[in-house]
Amino acid sequence: MSETVDYSGKSLAELSELFHQFATSEDRLQRAKDAEAIKSAFYKTLLKEREKLEDAALEMMDTVEENFKALYASYKKEKAEFNKRQDEQKEDNLKAKQLVIKDLKALLEKDEDVSTTLPAFREIQDRWRGIGIVPIQNFRDLNNTYQLYVEQFYDKLQINRELRDLDFKKNLEIKTGLCQKAEQLAENENVVEAFKELQKLHDSWKDLGPVAKQYREEIWERFKAATALVNKKYQSYFEERKGEQEANLAAKVALCEKLEAIVSQEIADSKLWNSVSKEIEGIQAEWKKIGYATKKENQKVYDRFRASCDKFYERKREFYASFKEDLEANYQKKAALCEEAEQLKLSTEWKKATDQFIALQKKWKEIGAVPRKQSDAIWKRFRAACDEFFDAKEKSFKASRPVRQAKNAAGRVLSEKDKLVARYKTLEQEIATQENNILFFAKGSGNALLDQMRQKIEDAKQELKTLEDKIRSIED
């Protein structure tokens, strides 16, 4: 029995094409395991692909799934009809074999010359061998009855000794060959294949007539001994496999519990969703490495695992659907701040406008993320308005300093101490503004610009310290 092909590395398109090729192959109705393997791989791959796609792409994925479903449904319908025909054929075979047994029994009851009886017996044997399989529940009784009548024919019917001995010899040769084949099967490493072939040998044995009495027990014991070896290896194989399957079941249950614990937790932000998604993918990768569980529990534990995965990704889709709405709302809020900044940037009421810009910047930082495609553009728009205002303010201050110095020299504005205090307060305000800006404009700015801004703040602080010393000197 060949192992089922591993389709786990195939894409959806490849799996769909493979199933199409399978569904049109001549032996498709005898390869149900291949059909189920392709189907299983298709839905595993479909689930994985869905997790990566946006809503628009999911509609396309639905179309791919519907096409595959239609193809699979057509195959299942054909398979069901084939199975129905097979069952009907088995019933017909049962009736045919029952008729053969009836004819064989009638032949035994006849008291005719051997030249007439033996050809009729040969014809009955040929008819029996030419009939296919019967329902399994009828096989044993039907075959036992046939063999009983065959042995009665050889043992009780008075036939020519020479013909009988020739038939016995022929049967012994064939049964010896079957013993040799069974003994070779005992050496076959593929125990499943060996067991399957052994059943065919048994079917052939049962269809043969007896051998001479002195060889019957010997030949049967030889065949039975070879059968026992094959059966023992087959049983050991499945006992070992059962142990592995039970271990696999325990491992899969543990992954289900781990997954259910993760899925049940609250996930509030996109970063955590991405982190948990990677953790889920890791668990799914572990699952794929584990072999089949016990036949009784394998589908149940898979359904449990898949239900948790479905629940997680459904919650994720709901979160991102809501998240998109939040991103759009944030974009509208930031666009409104841009409009305010653009109206304010031309103001020359430096103190008032500065406070307003600081307030706008604070509001900006409190607003969450916007859609990625629009993030840079909206940020550059807001930053441009801020930069324009603060550049204009700085130019204005530089232009006004010579005028103020001239007026002081004339003694018309302030005393030396008043000038120092006024400069001290102005410098404090500028430092506060610059420190706020360096935090705010750090995003998207180059390292050289940030270094320049930091140096400017440091220079201002040094000047502030110098002013403080001068003021204290005047006071002293």
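Reader: What pattern does the protein chain follow, read along the sequence?

Author: The pattern is α-α-α-α-α-α-α-α-α-α-α-α-α-α. The chain has 14 helices and zero strands. Keep in mind that this is a predicted model.

Reader: How much of the protein chain counts as buried?

Author: Of its 476 residues, 34% count as buried. The accessible surface comes to about 30100 Å², and 51% of that belongs to carbon and sulfur atoms.

Reader: Why is Thr-227 called buried?

Author: Buried means under 20% relative accessible area. Thr-227 has 9%, so Thr-227 is buried. Thr-227 lies in helix α8, residues 213–264. Beyond its neighbours within four places in sequence, Thr-227 is in contact with Leu-198 and His-202.

Reader: What makes Lys-295 exposed?

Author: The cut-off for exposed is over 50%. Lys-295 has 81% relative accessibility, so Lys-295 counts as exposed. Lys-295 is found in helix α10, residues 295–344. Together with Lys-33, Lys-196 and Arg-241, Lys-295 forms a positive surface patch.

Reader: Which residues gather in a patch of negative charge?

Author: They are Asp-87, Glu-88, Glu-91 and Asp-92.

Reader: Why is the pair Glu-183 and Arg-222 called a salt bridge?

Author: A side-chain nitrogen of Lys or Arg must be within 4 Å of a carboxyl oxygen of Asp or Glu. Here the N to O distance is 2.8 Å, so the pair qualifies. Glu-183 lies in helix α6, residues 161–185, and Arg-222 in helix α8, so the pair ties together parts that are 39 residues apart in sequence. Glu-183 is partly exposed at 31%, and Arg-222 is partly exposed at 32%.

Reader: How many salt bridges does the structure hold?

Author: The structure holds 20. Among them is the pair Asp-387 and Arg-383, at 3.5 Å, N to O.

Reader: How far apart are Asp-387 and Arg-383 along helix α12?

Author: They are four residues apart in helix α12, residues 372–409, which means a separation of about one helical turn.

Reader: Is Arg-383 buried or exposed?

Author: Arg-383 has a relative accessible area of 18%, under the 20% cut-off, so Arg-383 is buried. Asp-387, at 29%, counts as partly exposed.

Reader: Which residues do salt bridges that share partners join into one network?

Author: Asp-27, Arg-31 and Asp-34.

Reader: How far apart are Asn-274 and Lys-316, in sequence and in space?

Author: They are 42 residues apart in sequence and 9.6 Å apart in space, C-alpha to C-alpha. Asn-274 has its place in helix α9, residues 270–289. At 39% relative accessibility, Asn-274 counts as partly exposed.

Key. Residues numbered from 1 in each chain as written. Predicted model: local features only at pLDDT ≥ 70, side-chain atom pairs only at ≥ 80, totals over all residues. Heavy atoms only, no water. Patch = residues over 30% accessible without salt bridge, like charges linked within 9 Å, V, L, I, M, F, W, Y side chains within 5 Å. Areas by Shrake-Rupley, 256 points an atom, 1.4 Å probe, with all protein chains shown as cover. Lys, Arg positive; Asp, Glu negative; His and termini not counted. Charge placed at Lys NZ, Arg CZ, Asp CG, Glu CD. Helix = DSSP H or I, 4+ residues; strand = E, 2+ residues; numbered from the N terminus. Buried < 20%, exposed > 50% of the residue type's maximum accessible area, 1.4 Å probe, protein only. Contact = heavy atoms within 4.5 Å.
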